[in-house]
Amino acid sequence: MSAVRVCSAADVPESGALRVEAPGPRGELVPVAVVRDEDGGLHAISDTCSHQAVSLSEGDVEGCMIECWLHGSAFDLRTGRPSALPAVHPVPVYALTLDGDDVLVDATTDVGARAES
């Protein structure tokens, strides 16, 4: 795992999201939304909606879903799968771990597909 510190857990809003960047598979910076769900759990998901390239971190969080602010597509924070149109393609989900208050994200691998099995 190539996890790097992206923020402090205290930086992530209650039932909301924070846009950060983490190194991707080729070392490029990948936009990531670190999201706190309504139960207080933290998730790392691509910050780019698969329907149109807009920031998901600006959307609303309900339960374990984040809704895109532009057209209302909603994505499961555990799998990245869309649950509301117009999006039909999932977004990547990344491994997130906590080290004390530090949020570590590995944006080199999409773990969303594994969460479904």
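A: **Charged pairs and their strands**

Arg-19 makes a salt bridge with Asp-47, with 3.2 Å between the closest N and O atoms; a salt bridge here is a side-chain nitrogen of Lys or Arg within 4 Å of a carboxyl oxygen of Asp or Glu. Arg-19 sits in strand 2 and Asp-47 in the loop between strand 4 and strand 5, so the pair ties together parts that are 28 residues apart in sequence. Strands are DSSP runs of E with at least two residues, numbered from the N terminus.

Before going on: this is a predicted model, where local features need pLDDT of at least 70 and side-chain atom pairs count only at pLDDT 80 or more, while totals for chains, interfaces and linings use all residues. Residues are numbered from 1 along each chain as its sequence is written, and side-chain values use heavy atoms, leaving out hydrogens and water.

Back to the pair, whose two ends sit in contrasting surroundings. Asp-47 is buried, with a relative accessible area of 2%, whereas Arg-19 counts as partly exposed at 43%. (Buried is under 20% relative accessible area, exposed is over 50%, and partly exposed is in between, with a 1.4 Å probe and protein chains only.)

The structure holds five salt bridges. One of them joins Asp-76 and Arg-78, at 2.8 Å from N to O. Asp-76 counts as buried at 12% relative accessibility, and Arg-78 as partly exposed at 46%. Salt bridges that share partners also join Arg-19, Glu-21 and Asp-47 into one network, which brings us back to the opening pair.

Strand 2 (residues 17-23) runs antiparallel to strand 3, and seven bridges join them; two strands pair if DSSP finds at least two bridges between them. Pro-23 stands opposite Leu-29 in strand 3. The hairpin of strand 2 and strand 3 has five residues between the strands, and Gly-27 there takes a positive phi near 90°. Six of the eight residues of strand 3 are buried, so strand 3 is largely enclosed by the rest of the structure.

Strand 3 (residues 29-36) has another partner: it pairs with strand 4 in the antiparallel sense, over five bridges. Two of the facing pairs are Arg-36 opposite Leu-42 and Val-32 opposite Ser-46. This hairpin also has five residues between its strands, and its Gly-40 takes a positive phi near 95°. As for strand 4 (residues 42-46), five of its five residues are buried, so strand 4 is largely enclosed by the rest of the structure.

Strand 9 (residues 93-99) in turn runs antiparallel to strand 10, with five bridges joining them. Leu-96 has Val-105 in strand 10 as its bridge partner. Strand 9 and strand 10 form a hairpin with two residues between them, and Gly-100 in the turn has a positive phi of about 70°.

Strand 10 pairs on with strand 1 (residues 4-8): the two run antiparallel, joined by four bridges. Val-105 turns up again here, standing opposite Val-4. Four of the five residues of strand 10 (residues 102-106) are buried, so strand 10 is largely enclosed by the rest of the structure.

Asp-102 forms a salt bridge with Arg-5, with the closest N and O atoms 2.8 Å apart. Asp-102 lies in strand 10 and Arg-5 in strand 1, so the pair ties together parts that are 97 residues apart in sequence. Both ends are partly exposed: Asp-102 at 27% relative accessibility and Arg-5 with a relative accessible area of 48%.
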